[in-house]
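The following paragraphs lead the reader through one protein structure, from its overall make-up to selected contacts. Please keep the sequence and the coordinates in view while reading.

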Amino acid sequence: MSRTTRLALVTSLVSAACLVGAGVFVVSSTHTASAGDRPVAVFGDTRVERGTTNVARPSTPNVVSGALDTPALTDAVPFAYAGDSITARPDSWLHQLATDDRLRAVGGYAHSGYRADQVLAEIGPVPQARVLVVEVGTNDVNQAVATERTIADVDAIVRRVGAERVLVVAGPPSDRTWSRWGADRRSGQLVLTDALHAVADEHGWAFVDPFRSIRAADGAYVPGTSRDGIHPTAEANGAVATAMADAIERTAR
């Protein structure tokens with residue numbers, strides 16, 4: 001076997017290994033979220049992305065759906081969530097707030113890797129929520145979805161959930177200035193944040209940027225606050241969770 005052939009074989013094996021890595025524990029539920037839903041464990045998932053051919057790709061995303069069964073005071077603020085991996089990952093702000101008895105997640109949907117339109121397709125009404133937290137758009141930026149389309153999907157999510165009040169969340173920092181869809185993720189997140197702030201002002205919704213303390217001036221993560229350049233570390237998410245808790249309480253007043 002020639003050196004060139006051996007190199008091609010090794011490259012092929014490494015690529016295959018990356019695609020079939022060990023399973024990751026995630027939580028999921030039925031398509032329609034409600035206060036009675038409880039997360040259940042699943043392994044694996046298949047999704048089709050806009051702008052690509054309809055080829056199923058194996059993945060093991062984090063998914064959270066429905067009410068979270070966590071300790072809460074009787075007068076805790078009932079809130080709903082709509083999000084992507086920034087909300088769904090095991091060390092996210094949502095999971096870190098699970099021990100905050102001032103707040104109670106009563107429904108919603110968050111899925112790692114999902115665009116705003118995909119979250120819209122899965123989320124259901126949560127009218128008992130006093131506040132809806134909308135944290136979507138980072139995957140729209142990655143996949144070069146037009147900002148206007150993302151904002152329209154945010155508006156549709158708000159209308160579908162039907163919460164009393166709305167809290168829109170800024171886009172997170174990004175160390176990536178590229179994506180396989182040809183997007184500059186870092187500058188795109190800044191554009192998205194401006195658009196989300198504008199639509200919140202237009203509709204009278206609340207807006208929060210919980211990433212201020214971990215976002216550098218150029219839109220990247222402050223060194224040491226992200227391992228992959230896309231998601232905050234568990235420690236950084238502690239600061240994000242604190243900012244989110246304060247914003248949810250302010251919005252509920």
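**Helix packing, salt bridges and selected contacts**

Arg-159 has a relative accessibility of 58% and therefore counts as exposed.

The model is a predicted one. Its secondary structure consists of eight helices and 10 strands. The protein has 253 residues, of which 51% count as buried.

Arg-159 belongs to helix 6, as does Asp-155; the two are four residues apart, about one turn of the helix. Their side chains meet in a salt bridge, with an N to O distance of 3.0 Å.

The axes of helix 6 (residues 147-161) and helix 7 (residues 185-203) come within 10 Å and cross at roughly 40°. Angles under 35 degrees would count as roughly parallel, and those from 65 to 115 as roughly perpendicular; helix 6 and helix 7 are therefore oblique to each other. Their crossing is right-handed.

The side chains of Arg-186 and Asp-218 form a salt bridge, at 3.2 Å from N to O. Arg-186 lies in helix 7, whereas Asp-218 lies in the loop between strand 10 (206-208) and helix 8 (234-252), so this pair ties together parts that are 32 residues apart in sequence. The two partners can be described by their accessibility: Arg-186, at 19%, counts as buried, while Asp-218, with a relative accessible area of 42%, is partly exposed.

Side chains of opposite charge can pair when their charged atoms come close. In this model the count comes to eight salt bridges. One further pair is Arg-115 with Asp-117, whose closest N and O atoms are 2.9 Å apart; both Arg-115 and Asp-117 are buried. Elsewhere, Asp-100, Arg-102 and Glu-249 are linked in a network of salt bridges.

Two individual residues complete the account. Gln-96 is found in helix 3 (residues 93-96) and is partly exposed, its relative accessible area being 29%. Where does Gln-96 find its contacts, once residues up to four places away in sequence are set aside? Gln-96 touches Asp-91, Ala-234, Asn-237, Gly-238 and Ala-241. Ala-241 is 145 residues from Gln-96 in sequence, yet the two C-alpha atoms are 6.4 Å apart in space.

Ser-112 occupies the loop between strand 7 (103-111) and helix 4 (116-122). Its relative accessibility is 17%, so Ser-112 counts as buried. Leaving out residues up to four places away in sequence, Ser-112 touches Pro-61, Asn-62, Asp-84, Ser-85 and Ala-88.

Technical notes
Residues numbered from 1 in each chain as written. Predicted model: local features only at pLDDT ≥ 70, side-chain atom pairs only at ≥ 80, totals over all residues. Heavy atoms only, no water. Axes fitted to C-alpha atoms, helices over the stretch in contact; angles between N-to-C directions. Parallel < 35°, antiparallel > 145°, perpendicular 65-115°, else oblique. Left-handed = near helix turned anticlockwise from the far one by under 90°. Salt bridge = Lys/Arg side-chain N within 4 Å of Asp/Glu carboxyl O. Buried < 20%, exposed > 50% of the residue type's maximum accessible area, 1.4 Å probe, protein only. Contact = heavy atoms within 4.5 Å.
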